[in-house]
Amino acid sequence: MQDVFKLGGHEFHSRFILGSGKYDLKLIKAAVEQGGAEIITLAVRRANTKQSESVLDYIPKGVTLLPNTSGARTADEAARIARLARAMGCGDFVKIEIMRDSKYLLPDNEETIKATEMLVKEGFIVLPYMYPDLYAARRLQEAGAAAVMPLAAPIGSNRGLETRAFIQILIDEIDLPIIVDAGIGKPSQACEAMEMGSAAIMANTAIATAGDVPAMAAAFKNAIEAGRTAYLAGLGRTLPRGASASDPLTGFLH
Amino acid sequence: MNEENQIYFIDSDQLPPAALERKHRLENDPSSRTDIMAYLPGQQVLESDIKDRVIAAMDAYQPEAYTDADVRRALASDRCTVTDFQALLSPAAAPYLEKMARRAELETQRHFGNTVYLFTPLYIANYCQNYCVYCGFNCYNNIARRKLNPAEIEHEMKVIADSGMEEVLILTGESRLQSDVPYIGDAIKTARKYFRNIGVEIYPLNVDEYKFLHECGCDYVTVFQETYDRVKYEQLHLLGHKRVWPYRFDAQERALMGGMRGAGFSALLGLSDWHRDAFASAYHVYLINRKYPHAELSLSCPRLRPIVNNGRINPRDVGERELCQILCAYRIFLPFVGITVSSRESATFRNGIAKICATKISAGVSTGIGDHEAKYTGTEEKDTGDEQFEIQDGRSIKTMYRDMQNGGLQPVLNDYLYL
């Protein structure tokens with residue numbers, strides 16, 4: 001049976017999404033060709049250029065664009081960027097990024113919830129980037145988000161699943177795809193997030209800053225697939241000590 | 001009195017005797033000068049403790065007190081504390097320049113990838129009401145003065161935009177009389193037609209004036225404090241509204257309160273002790289970031305340059321190695337801030353520093369008035385205004401773009417939306 005990743009009424013086969021932080025042609029090519037990425041995020045502000053080598057020209061055909069609202073500091077600003085993206089022909093997907101912190105670039109959950117409510121009403125497929133807080137995730141779900149995108153660690157930090165326990169809670173409690181975004185620094189961390197039941201992984205810096213970009217893109221593809229397969233297979237028991245008793249302890253019960 | 005500043009003093013034979021006499025009195029008699037801590041009428045006073053905190057920290061900073069071990073500890077640590085930063089700026093860090101550069105490069109890549117932003121400054125007027133002794137625009141310097149009219153401004157912008165540039169920094173001399181706020185606002189509105197990203201580097205304003213310029217389409221304000229050393233500041237800024245040190249200090253805060261997205265900071269290196277000035281500049285940014293965490297902040301690193309009528313002005317003890325040390329320390333302490341390196345520096349230095357820690361580089365630069373067409377096309381200059389200082393790196397946008405690409409960097413012309 002084929003494992004399909006459903007997102008906002010669309011179907012994808014790859015669970016690797018390329019983030020937009022550090023963009024260049026080589027990275028996008030590697031992500032699509034070696035990483036198998038079918039979704040690539042695009043910072044609308046970065047596409048707002050007359051530059052001869054526009055980022056939009058880098059995006060290969062058949063790839064779904066996920067415009068993001070980076071640069072927005074409020075829900076209203078995010079909504080304006082989303083509308084601009086739609087007008088530019090980027091489709092209905094939008095990743096909400098609202099940061100009011102230029103040092104860590106941490107998302108503002110409160111404004112993100114407001115923006116999600118506004119943009120869902122306008123017919124967008126809304127993917128909010130958020131700090132993994134259960135209450136915020138529930139409100140995003142109620143607001144009609146198509147997925148929830150909790151951060152694993154501060155963006156660009158390559159520090160891995162520092163918010164592991166809280167992401168696991170979202171996976172367990174929220175009936176939406178959980179896409180782990182930001183902070184994933186190694187394929188092994190992507191694999192672990194997938195084993196936990198994440199629906200997809202967004203990565204950028206880890207690949208962009210690798211010594212061999214195409215090879216790292218391939219490594220992420222394999223790690224994400226391995227983690228997904230392990231999740232679907234059901235992870236085996238890890239026993240604290242000794243072997244499993246063959247006779248059930250409760251055998252005396254009728 | 002004021003002996004070490006003699007290098008700056010140039011008399012024009014065009015000055016009337018009374019003006020010359022006043023100039024000399026200002027230069028030599030401190031009692032003839034106003035109190036730099038006293039605000040002028042109309043200058044907004046902010047209730048902000050950042051000034052006092054910067055002054056206190058700068059006064060307490062003893063660059064010579066740091067040792068080799070302090071520097072090694074700073075470089076070994078994941079996070080750079082204020083004390084670590086002080087160690088990295090100290091003389092003890094000088095032998096560690098290569099190690100600092102490696103660390104700075106890592107931080108730059110983590111936060112900015114391999115991108116480098118390109119912009120160009122556009123001077124629209126060079127009238128000035130201040131006497132800042134090191135500046136080519138100072139009111140006693142006999143230079144060709146010009147103020148572009150709206151049509152000329154539009155023409156200059158068109159020439160620059162045709163070269164491919166998408167970000168412009170609008171500059172004026174500091175004259176409220178000649179270049180008033182509505183005049184600057186009109187220039188910003190015109191710039192909106194030709195550029196995606198507009199900043200200003202003009203005399204400091206009140207919050208409501210910054211708000212007005214923001215509504216015209218500007219989002220970034222740069223104000224150089226020149227020196228954080230108030231004694232030296234008093235000796236170098238002898239006349240005009242710029243003499244008011246605290247009003248200038250709070251300019252970035254007022255700009256952010258007026259709705260600007262970002263603000264730029266700097267000392268002019270070479271005016272005073274560079275360790276302390278570099279420390280104060282970055283500590284100023286650090287405190288503004290803590291108070292306005294959403295703001296996009298940047299640091300520049302101008303060194304003194306020769307000016308029209310005074311070729312002797314130089315950055316004194318701030319050589320390229322010292323400048324590199326300062327910039328690496330900035331990057332390690334404040335990995336998230338933009339670092340701008342201007343055409344005051346050589347092409348070789350700028351190519352090198354862009355790989356380590358600079359995130360923004362100017363290209364196609366003229367610090368004169370109304371001469372972009374002549375400089376870009378090689379046509380004859382006519383009726384232009386003189387330059388603020390001599391530049392070292394005159395590369396065109398095209399050449400800069402190519403040189404950055406050849407250096408493994410990705411030149412970016414815009415990454416910004418006016419919201």
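Tutor: Helix 5 of chain A is followed by A:Gly123, whose phi is positive, near 85°. Bear in mind that this is a predicted model.

Student: What scores does the model get, ipTM and pTM?

Tutor: Chain B averages a pLDDT of 93, and 99% of the residues of chain B score at least 70. For the model, the scores are ipTM 0.85 and pTM 0.92.

Student: How far apart are the end C-alpha atoms of helix 5 of chain A, and what span should its 13 residues have?

Tutor: Helix 5 of chain A covers residues 109-121. At 1.5 Å a residue the helix should span 18 Å. That agrees with the separation of the end C-alpha atoms, which is 19 Å.

Student: Which elements cover the buried residues of helix 5 of chain A?

Tutor: The buried residues in helix 5 of chain A are A:Asn109, A:Glu111, A:Thr112, A:Ile113, A:Lys114, A:Ala115, A:Thr116 and A:Leu119. Their cover includes helix 4, strand 6 (93-96), strand 7 (125-130) and helix 6 (134-143) of chain A.

Student: What is the handedness of the crossover from strand 6 to strand 7 of chain A?

Tutor: Strand 6 and strand 7 of chain A run parallel and are joined by 4 bridges, with A:Phe93 opposite A:Ile125. Between these strands the chain passes through helix 5 of chain A, and this β-α-β crossover is right-handed.

Student: Which residues of strand 6 of chain A point one way, and which the other way?

Tutor: The four residues A:Phe93, A:Lys95, A:Val94 and A:Ile96 are all buried.

Student: In chain B, what is the bridge partner of B:Leu171?

Tutor: Strand 3 (residues 167-172) and strand 4 (residues 197-201) of chain B run parallel, joined by 5 bridges. The chain goes from strand 3 through helix 7 (residues 181-194) of chain B to strand 4 in a right-handed β-α-β crossover. Of the 5 residues in strand 4 of chain B, 4 are buried. Within strand 4, the partner of B:Leu171 is B:Glu201.

Student: Through which helix does the chain cross from strand 4 to strand 5 of chain B?

Tutor: Strand 4 and strand 5 (residues 220-226) of chain B pair in the parallel sense over 2 bridges. B:Gly199 stands opposite B:Tyr220. The β-α-β crossover between them is right-handed and runs through helix 8 (residues 207-216) of chain B.

Student: Is B:Glu226 buried or exposed?

Tutor: B:Glu226 is found in strand 5 of chain B and has a positive phi of about 70° although it is not a glycine. Most residues other than glycine have a negative phi. A residue needs 20 or more other C-beta atoms within 10 Å to count as buried. B:Glu226 has 24, so it is buried.

Student: What is the phi of A:Ala182?

Tutor: A:Ala182 lies in the loop between strand 9 (179-181) and helix 8 (187-195) of chain A. With 26 C-beta neighbours inside 10 Å, A:Ala182 counts as buried. Although not a glycine, A:Ala182 has a positive phi, of about 80°.

Student: Which residues does B:Tyr247 contact, leaving aside neighbours within four places in sequence?

Tutor: B:Tyr247 is in helix 10 (residues 245-249) of chain B, and its 25 C-beta neighbours inside 10 Å make it count as buried. Apart from its neighbours within four places in sequence, the contacts of B:Tyr247 are B:Tyr39, B:Gln43 and B:Pro204.

Notes. Residues are numbered from 1 along each chain as its sequence is written. Chains are lettered from A and ligands numbered from 1 in the order in which they are written. This is a predicted model: local features need pLDDT of at least 70, side-chain atom pairs count only at pLDDT 80 or more; totals for chains, interfaces and linings use all residues. pLDDT is the predictor's confidence in each residue, from 0 to 100. The expected span of a helix is 1.5 Å times one less than its number of residues. A residue is buried if 20 or more other C-beta atoms lie within 10 Å of its own, exposed if 12 or fewer, and partly exposed in between; C-beta atoms are placed from the backbone. Two residues are in contact if their C-beta atoms, placed from the backbone, lie within 7 Å. Two strands pair if DSSP finds at least two bridges between them. A crossover is right-handed if, with the strands pointing away from the viewer, the path from the first strand over the helix to the second runs clockwise.
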